[in-house]
Structure formats: C-alpha cells, structure tokens
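Hi everyone, thanks for making time this morning. I'd like to walk you through a few charged residues in one structure, so let's bring it up on the screen.

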Amino acid sequence: MSLSFSHFSTGSGSPLTTRSFPVAENSIHTVSNGRIVLYGATSTCRGFRGLKYWLTESLNLRHWNRKCGPVDELKIIKNQDKDGSSLSNEGQDSEGVSTIHVPNDSTEETRRTTSHIQTYPLKFSVEGGRAPSLCIAVIGATGELARTKIFPALFALYYSGFLPENVGIFGYSRKDLTDEDLRSVIASTLTCRVDHQENCGDKMDAFLSRTYYINGGYNNREGMIKLNALMEHIEAGSDANRIFYLAVPQEALLDVAFSLADNAQTEKGWNRIIIEKPFGFDALSSNKLTKALLSKFDEHQLYRIDHLLGRNLIENLTVLRFSNLIFEPLWSRTYIRSVQINLSEDLVVQTRRYFDGYGIIRDLVHSHILQTIALLAMEQPVSLNGEDIRNEKDKVLRSICKLDPSNVILGQYKATSGEKVDVKLNSRTPTYFAAALFIDNARWDGVPFLIKTGMGLIKHRSEICIQFHRVPGNLYRERIGHNIDLATNELILRDAPDEAILVRVNNKVPGLSLQLDASELNLLYKDKYNVEVPDSYEHLLLDVIDGDNHLFMRSDELTAAWNIITPILQEIDKNNITPELYELGGRGPVGAYYLWAKHGVQWTED
C-alpha cells in the first residue's frame, strides 16, 4: 500500500516532486534533497499525518538552505567495520538509507575521520512527529564512572518517570564500539530498585533502545561534529535541550570542553555542562581552568559535580534548620559549642590518580567538606533559588579563616603488600585530614568547626554533630552521674552506617532515685520510610535537568575554597611535612585527639 501526491506548491513557488509513501511497520520518514519517504503508516490517517509533517520539513529545509547557503549531504557515520558503503546520486546508499545535512565547511573534514555508515531508526515514539525534548551525552562513556554510576542513575530516573519518554542518551569515547556494544556494557550495570519492579524489563529495553554510541577518535573537534550530527538527526529538527557529562580526566577536560562548545551545542534549547572534580590542582591552575571554561560557556551552564553533595544528609541541613522553629533560634555561637563533621572510610582508594598529588585535601576537603560547612553555616537565603543559596554559601566561604598549620593533623595509613592496597604512596600524600576551622562573622565567631576525613579507618562513618553549650547553673549537676561535659545536648545528622537524625537529651532514669542519663531521640530512616534511598548521582542529575544549581560550586565559591586550603598545601610543599602514620583499619593519627582536646571537645564517636 502507498500514498501518493504531486505538484503541491511551497511558499517559494517551487512545485513539490511526486512521491509515494510506502506503508511499512516500525520505521520513520527519511528526507533527501527536500523529499521524504514515510514508513510506519498503517492507515490512511497516519499517511496524511506524515504528509503534513513532510510539508513542514520541506518548508523548514528550504528556509534553512536560504539561511546557511549550499549544503552537502552527510550520512550518519560510525567506525564499526573497515568496509564502507558507497553513496548514490540520490543521497542514499545501496540499501536506501536516508541522509542528513551539515554545512559545507565541516562536511569534508568529518568524512575524512569516518569509515562506515550506520542507520539510526528512531526506536522511541514519533507519534505526531515527536522527537526527543532532551538529549544527554556522556563523554567518556566506557569509563568506570560512566558504567557504574552515570548510566545506572540515568536509567533509574528514566524508570521513575523523571526523564522524558523520548529522551536520547549518547555515549562518546575513543573505543571502536557499536551501539549494541555500548548497550551490552550498560545493560550489565542496570537494576531496578526494590520498590520499582513493575515492567522493569520493558523499561530497560526501552532505555537501551534510546542509547547510541559515537566513536570520537583522537580528534575531539571531529568527534564532536559527529556527535552533533547524530543528535540533530535524532532530534529531527525539533527544539531540544542538551546535557553533556564530561566524565574525562583533568588533562583532557579543556580539549573536550572547547571542542564541545564550538561544535556540539544546540541553538534550539539550553546546553548544560557537568564537570567532575577535582577542579584544578591548586588556586592558580583552578583559576586558569575557570577562565578557560568561561571563555566558552556562561557560568549558568556549568555544573561542577561532587557526588557526595547529592546525599540526603546534605539536603536535610537546610530543611531541618529553616523549616523547624526549635532549631533556627539556636543556630549560632550563643547556643552552639562546636560543630563536628566526620567522613571516614574503612576502605582504601585503589586508583593511582587519587594519590598522584591530589590526595584527600584536594579531593574531599576542598569541595565536599567546605560545601557542607557553607550549607550548615549560611544565613537564610532570600529564596530556594539556586543563585540565592550560592550567594549565601559564598559569603560563608569567604568568611572562613585560612587554615592554621597548628590546627591541622595529616595522616597516612601504613600498608603492606600483603594487604592488597596501594603501597606506593607519595611520602607526603595524606590519606587522613583533621582540622579546626573558624568562621569570622557575628554568628559563628569562636565556634570551632572540627573536621575529620580519612581512608582505611576502623569503620565507614558519615555524619554531622552539632554540640550545644552545657546548661549554665545546672540544678542536676550532681545527679547526672558522669562528666557534666558529656551531658550536653547534641543534634546528629547521620548518613552512614544508617541514615538517621538523632537528638541527644538528658532524662531521668526510671526508678525511685533521681538519676539522670543522656539518651537519643532517634529517627531512623529505614524504620520510618519503607523506600530505597536514591543514589546521589540520581539526585544531582535530576537537579541539572531541572536547572537547580545550589549543590554545584560556582566559580567564586571555587576560588574562596582554594583560598582556605592553599596555605596548608603550601606548608606541606615548603616544609616537606610528613603525615603521621596510622594503622590500616585503626582510628587514625593520635594527633587528632590532642587537637580535639586543645579546643575542649571530645569526638562524638568516642
């Protein structure tokens, strides 16, 4: 069955060529030299709907040609096999595959970098001419981060309905793979959450069918031209937004970013760029990196991601404080004695890059720890708008005093080859960092912010503890039964081992005698909420899609953070400071306990 028509006229006065529309299942229209073939029409109604779409495409094509000048035809090209298919005079290969258009100035160069032609039938719904309203490209798609975190997070969002049904997912790397190769790699990492099992297999198949691969080769400019061509083909000329996740090493970041900026951004929607930490090696390199990125992108396009900031604990900081009357009036030096932030890992990091000069200070303290302090200590923002929150965070970071070496403890775990950990550590690369920071403003003057973060410790722990002053003139001092300093009230926000909110209060022990004890009011999330907590990458990727940037570091926050830690980094290099050794699987350097005692604070876990 076919649908035919002839001699229609466009606005330009040119008659349209007679063309038949064969009816075929599970295909879409193709355009070549202003002509179209519509597949998938199972009724006359659908055929006319395709005719309507063809007329629109023809008018748009002529308008685009007038705007851009002559165009050449370029097929969607893939580096799969060594044998390529030849192009016919009608812009189709021997199998009738359709062509798309790119401007003259890039066609020849792109042809030189490609070797094989692959078709891209759109597997998602095109009912009514629908095309993806969002395209997400993962640059570095075959790396561990992409395989184990980014793609699983994207699928979780897709399954839960937070991504458009017709989203386009693109993987980009240097490896010689096909679409099916990438889909096989991704499929092995995808799972449905316990509370999301309905139609899991169907959703997984649908997600994978929307996933495409681009071999960018070793010339990122040419690779991005290919990526853009594929995206435009999938978008089918409709308005669409684009997200680019740059999961690439620092040394490749600028080359990828520049090539992307010049060759792969859309003009029919917004473009957002996700950048992984570390954001430079020191203040100087970070400043150069920021200037380079801002020469190609606007600040609002950049999303500097730290996955630890996507944890529920971080969001609870502002929720607890600003939505509960009992906490906000107490949130100052008048009532708070100290703040402790603990991020301890019982595992060790196996990646060589982590310890090739970056270490725990640049990796965790610079971003996660300082951002946590900024969110905890900031003034109430004007609104929940991302920029309003970032403004307040920046004020806190600029108010933090530079680190005093006497208030810093550095450690490094002792490892042996029999323990199967990285034993070739640089002798001055710390795996443990403890410090006392102070914020020089009216709200927090004199309150020590004690931070501890390390690898290879006795247990995994992630929590924030806010210790309040002891009750002045306490009537029950003699009844408490232990050190009065241990009977202070505490608010504890715990992310690991079990997510919880704890409030430590003093209460009477049951019985005839008047004896007091310190107990915890415990909100344990796994008991209260019977849901699986989403991964932090899901949270942050959804924020990028929504344009919510409050958990991503702005350039001025980045600079302020480097100003805080630069003195200690310079001290390490200048004086060749050697970290204190501690046992793998132990509690960390002994010096940390002396630091807490110096500030009159006992660590909560002890």
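**Charged residues, buried and paired**

Let me start with E557, which counts as buried because its relative accessibility is 0%. Buried here means under 20% relative accessible area, with exposed over 50% and partly exposed in between, using a 1.4 Å probe and protein chains only.

A quick word on where this comes from. This is a predicted model, in which local features need pLDDT of at least 70 and side-chain atom pairs count only at pLDDT 80 or more, while totals for chains, interfaces and linings use all residues. Residues are numbered from 1 along each chain as its sequence is written, and side-chain values use heavy atoms, with hydrogens and water left out.

So which residue does E557 meet in a salt bridge? The partner is K393, with 3.2 Å from N to O. By salt bridge I mean a side-chain nitrogen of Lys or Arg within 4 Å of a carboxyl oxygen of Asp or Glu. K393 sits in helix α11 (residues 386–399) and E557 in helix α14 (residues 555–575), so this pair ties together parts that are 164 residues apart in sequence. Helices, by the way, are DSSP runs of H or I with at least four residues, strands are runs of E with at least two, and both are numbered from the N terminus. K393 is buried too, at a relative accessible area of 0%.

Now please look at E463. Its side chain meets that of R494 in a salt bridge, 2.9 Å from N to O. That pair links distant parts of the chain, with E463 in strand β19 (residues 461–468) and R494 in strand β20 (residues 490–496), 31 residues apart. E463 has a relative accessible area of 3%, so we call it buried, and R494 is buried at 18%.

Back to our opening pair for a moment: salt bridges with shared partners join K393 and E557 with E387, R390, R554 and D556 into one network. Under this rule, the salt bridges number 23.

My last stop is K277, in the loop between β13 (271–276) and α8 (283–294). Is K277 buried or exposed? With 14% relative accessibility, K277 counts as buried. Its side chain makes a polar contact with the side chain of D306, at 3.3 Å. A polar contact is a pair of N or O atoms within 3.5 Å; within protein, one must be able to donate a hydrogen and the other to accept it, and residues adjacent in sequence count only if both atoms are side-chain atoms.
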